[in-house]
Amino acid sequence: MNQVQVKIENITKKFGAVKAVDDLSIDIQPGELFTLLGPSGCGKTTLLRTIAGFNYQNSGQIFFNGKNIDRLPPHKRDTGMVFQTYAIFPFLTVSENVAYGLKARKIRGKELKEKVSRALELVRMTEYKDRRPDQLSGGQQQRIAVARAIVIEPKVLLMDEPLSNLDAKLRVEMRTDIRHLQKKLGITMIYVTHDQEEALDISDRIAVLEKGKIAQVGTPWEIYQRPISSYVADFIGTSNFSLIKQNTISKSGDKFKVIFQNKSIHLHSDLLPYKDDVIFSIRPEALKIMSDDEILPENWFSFTSRISETTYLGSKFVYVLDTPMGDSYQVTVVNPDRDDMEDVGKMIRVGFSLNDLTIFPVGGNS
Amino acid sequence: MISLPKKRFDIWYIPVIIVIACYGLFLLYPVYNVIKSSFFNESGSTITFNSYVKFFTVPYYYRALLNTLCLGFFGTLIILLITLPLAYFYTRTRIFGHVAIGTIIWIPYLTPAFIGAYTWLILFGKFGLVTKFLISIGFENPPTISGLGGILVIFVLSYYPFGFVLLKGAFETIDPSLEESAENLGSSPFRRFWTVTLPAATPSILNAGLMVFIIIIDAFGIPAIVGIGVPVLTTLVYGEFTSEIGGPPIMAATGSTILLSISLTILIIQRVYLKKRSYFSRGVARPKMVNPKLGKKIILTLIFLIVLILSLLPIITIIISAFTKADGPVLRYGTWTLENFEKTLYSVWVPLKTSVMLAFGSSILDLLLGGLMGYVIVRKGKLLGTFMDAFTSLPLGIPGVLLGIGLVISFSSRPILLAGTGFIIVIAYFVRRLPHPIRTVSSLLSQINPDVEEASVNLGVPPIKTFYKVTTRMVLPGIITGGLLAWTSSIADLTCTILIFSAKWKTLTIETYSQIRGDQYGAASVLGLFLMITVVTPVFILNILNDRKKRKEMVEE
Ligand SMILES: Nc1ncnc2c1ncn2[C@@H]1O[C@H](COP(=O)(O)OP(=O)(O)O)[C@@H](O)[C@H]1O
Ligand SMILES: [Mg+2]
């Protein structure tokens with residue numbers, strides 16, 4: 001299989017004064033499912049369209065397998081794009097839609113037929129092959145768009161929020177399908193979404209974007225468990241933050257002593273490489289409710305806080321705590337028992353493993 | 001949408017340049033010549049305002065202006081007052097035969113206005129059927145359609161469908177949630193109309209009014225046929241121009257320049273207004289239709305029936321008259337005959353062929369360049385789009401008589417000697433009707449997501465090929481509708497044609513008009529019938545094709 005490596009080097013794309021993509025570089029490995037994740041307006045679509053050739057970058061270069069493609073017009077880049085709106089040709093039937101790109105590649109006759117029916121099989125749309133697009137549901141149109149893009153066996157698949165117009169249940173189904181399909185075909189894929197759960201579920205690696213720049217690149221696990229800035233931590237799931245002032249950190253032996261929630265906490269020096277104010281971040285599900293007499297395990301830390309709010313969500317129970325440092329923390333109790341639920345105003349003890357503590361400098365990574 | 005590395009010469013500039021060149025040479029240059037000659041003296045050597053002084057002091061001239069303004073104002077007012085309730089009820093209540101009524105009501109608008117005027121003359125004129133009937137039952141002075149009042153009535157009868165269609169569109173596109181929320185707040189239907197619907201529709205109503213006004217002041221056929229003794233600007237200009245052969249047509253130029261200043265003012269007001277339409281939802285949601293109580297439903301249906309009969313009367317009249325024995329302007333009803341056809345048929349074919357050729361040529365040009373311009377306006381960037389949109393709508397504000405005069409005085413001598421050729425007629429039709437396909441295509445295209453075209457490029461089809469494989473395909477209905485509009489209005493054109501035709505290039509409208517003026521009602525009816533058939537046939541063919549397609553799709557499902 002001829003898999004393609006995509007190298008994006010210092011790409012900048014401006015619209016007037018707005019830098020939609022700002023000096024951005026990424027290396028995407030052959031056969032990788034790579035996700036661009038970020039809030040609306042952060043430049044995901046612009047970057048994708050620049051790769052497809054619909055925008056032309058102000059500076060920087062793009063390489064497919066080491067070959068510069070900047071001079072190639074969009075119709076010669078051999079990318080397969082799935083648009084957010086699906087962009088199905090309304091005047092063609094389902095199979096004519098799928099055949100469109102093949103015909104442009106001068107594929108005719110039996111070969112054409114076979115490829116079309118294979119692609120329709122892959123997206124499980126064979127029985128609809130003679131339908132008109134306006135008789136199809138959103139999910140079906142989305143499958144057609146995918147089939148139309150994969151059938152040409154492009155160098156790279158580009159998907160721009162392909163699931164955002166579907167309902168929640170279908171969205172989960174489809175993203176599993178897309179991942180299976182991508183792994184089966186082995187085509188390098190760049191996937192755009194603003195949905196962090198989708199990104200974590202589907203990707204090999206994720207780039208979290210912030211205002212046209214990369215905030216962090218990593219595997220889903222790294223992005224979720226080891227965010228390198230409060231922006232990433234906040235964008236990926238909810239998180240609890242505490243600002244730690246520089247003057248509350250002091251050196252003691254080969255460790256640092258930090259005053260956290262009015263108690264001393266001793267951290268290994270490589271956990272705390274910064275010389276400035278830092279932010280402590282702990283995921284709500286990493287915090288564990290403990291009884292007062294429970295013995296703290298090795299490498300754990302606990303503190304006591306007042307419950308300021310409670311929310312019952314069926315599968316989980318959420319406390320909002322007023323911590324001793326005056327921060328507002330969320331704690332989730334998964335699969336709660338009746339006895340687990342405490343009332344507002346009560347004091348409870350929460351603890352967490354120091355492995356679940358993430359530390360980053362104020363104002364992001366610089 | 002797609003920008004390439006090094007900007008080469010964009011191929012899309014070619015049609016843009018062609019259109020700008022055509023407008024420059026065949027629209028702006030003639031208009032400039034007319035305006036210029038209105039400011040020069042007889043010998044063309046010094047600039048004067050004499051002609052304007054003369055225009056505003058001699059009653060013969062300024063009366064025409066007053067008549068035009070008066071007809072325009074009251075005609076528009078009456079049409080709005082009639083069509084406002086019609087359009088409102090049509091869009092909000094179910095009546096019997098809803099669809100049929102909506103279709104048939106178009107007929108007078110498809111009918112060339114001067115044919116309509118002619119049929120009303122047949123019915124209500126000095127020898128008119130109704131007039132004679134009224135005299136026979138004892139009326140001494142039955143109402144006739146002469147004078148200002150008469151023209152006003154004919155204008156209203158000829159152009160109310162236009163007002164109706166525009167207002168129908170206005171009421172259909174008001175965001176239904178506006179009305180629904182008013183309903184939720186407990187507003188009565190009557191109150192809701194006055195406090196919500198009407199204010200929301202006001203910009204569109206004003207817009208419709210302005211368009212009707214322009215059509216009325218621009219019309220030549222109706223005042224020329226029913227308005228003997230009531231000069232308006234168009235007939236005045238025509239009269240001055242045809243009698244001033246020899247010297248420069250100064251008064252004709254002056255009159256048409258004044259007409260131009262009125263219609264351009266209206267066009268500018270209209271464009272400013274169009275910008276501010278904000279109460280409208282984008283298409284999808286339609287207002288709720290209520291099913292009224294039977295009594296109310298019957299009354300409403302009857303009202304629409306009367307309107308329908310008025311719409312159909314001209315076509316019925318002209319069919320009957322074509323088969324009725326005629327002595328000059330006197331038609332002997334009840335005496336069925338084919339005599340008119342026998343006498344006239346030999347003189348039908350040549351003008352029919354001429355009309356079809358000229359209108360066909362110009363409509364093809366219109367739909368080709370109109371389609372390309374529609375694309376440029378929507379897809380080729382805001383700056384170029386806005387400019388071309390405004391620039392290409394210029395003909396809407398330029399009166400036909402003025403363009404006719406301008407073309408004649410601009411191209412009667414070398415180096416470009418075009419006067420008297422068929423080419424100049426094609427050009428005039430082409431330039432005048434180009435805004436139609438541009439409008440229909442651009443409004444359709446602006447609702448189509450550019451993603452679809454980009455998807456085609458992404459799949460490996462180059463932009464130009466994508467344009468004709470995908471874009472053209474998707475805007476085809478707009479191209480056809482726009483081309484058809486260009487066709488019907490070119491075939492039916494009298495206002496401009498009458499100034500630029502020559503003996504070799506006599507159109508059906510010219511032939512019909514001269515038979516009417518020559519009091520040959522038998523021949524006029526036959527010619528008029530053929531004229532209507534040529535106008536309406538493509539519309540019907542299209543409807544039939546559409547129906548077939550719909551039925552075929554239903555079978556497929
Ligand atoms: N064609 C354009 N013209 C001007 N500004 C644009 C254009 N496309 C995108 N932008 C701007 O660039 C930024 C990034 O947009 P986009 O790439 O669409 O974001 P995302 O896909 O992440 O929501 C936004 O501020 C947007 O307003
Ligand atoms: Mg986007």
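1. Basis of the model. Because the model is predicted, local features need pLDDT of at least 70 and side-chain atom pairs count only at pLDDT 80 or more, whereas totals for chains, interfaces and linings use all residues. Residues are numbered from 1 along each chain as its sequence is written, chains are lettered from A and ligands numbered from 1 in the order in which they are written, and side-chain values use heavy atoms, with hydrogens and water left out.

2. A salt bridge between the chains. The rule finds one salt bridge across the interface of chain B and chain A. It joins the side chains of E454(B) and R49(A), at 2.6 Å from N to O. A salt bridge is a side-chain nitrogen of Lys or Arg within 4 Å of a carboxyl oxygen of Asp or Glu.

3. Salt bridges in helices of chain A. Over all chains, the search finds 28 salt bridges. One of them links E111(A) and K115(A), at 3.7 Å from N to O. These two residues are four apart in helix α3 (residues 109–122) of chain A, so about one helical turn separates E111(A) from K115(A). Helices (H or I, at least four residues) and strands (E, at least two) are DSSP runs, numbered from the N terminus. A second pair is K169(A) and E173(A), whose closest N and O atoms are 3.9 Å apart. Being four residues apart in helix α5 (residues 168–185) of chain A, K169(A) and E173(A) are likewise separated by about one helical turn. Salt bridges that share partners also join K7(A), E9(A) and D27(A) into one network.

4. Exposure of the paired residues. Buried means under 20% relative accessible area, exposed over 50%, and partly exposed in between (1.4 Å probe, protein chains only). E111(A) is partly exposed at 42%, and K115(A) is partly exposed at 22%. K169(A) is exposed at 62%, while E173(A) is partly exposed at 38%.

5. A buried serine. S305(A) lies in strand β17 (residues 300–312) of chain A. With a relative accessible area of 1%, S305(A) is buried. Leaving aside neighbours within four places in sequence, the contacts of S305(A) include L321(A), D322(A), K346(A) and M347(A).

6. Cavities. On a 1 Å grid over the protein atoms alone, a cavity is a set of points where a 1.4 Å probe fits but cannot get out, and lining residues have an atom within 4 Å of a point.

7. Lining of the largest cavity. Among the residues that line the largest cavity are P108(B), W120(B), L157(B) and P314(B). The largest share, three residues, comes from α6(B). The lining divides into five nonpolar, three polar and no charged residues (Ala, Val, Leu, Ile, Met, Phe, Trp, Tyr, Cys and Pro count as nonpolar, Asp, Glu, Lys and Arg as charged, and the others, Gly among them, as polar).

Note on methods. 1 Å grid on protein atoms, 1.4 Å probe; cavity = no way out; pocket = protein on both sides within 12 Å on 5 of 7 lines; lining within 4 Å. Contact = heavy atoms within 4.5 Å.
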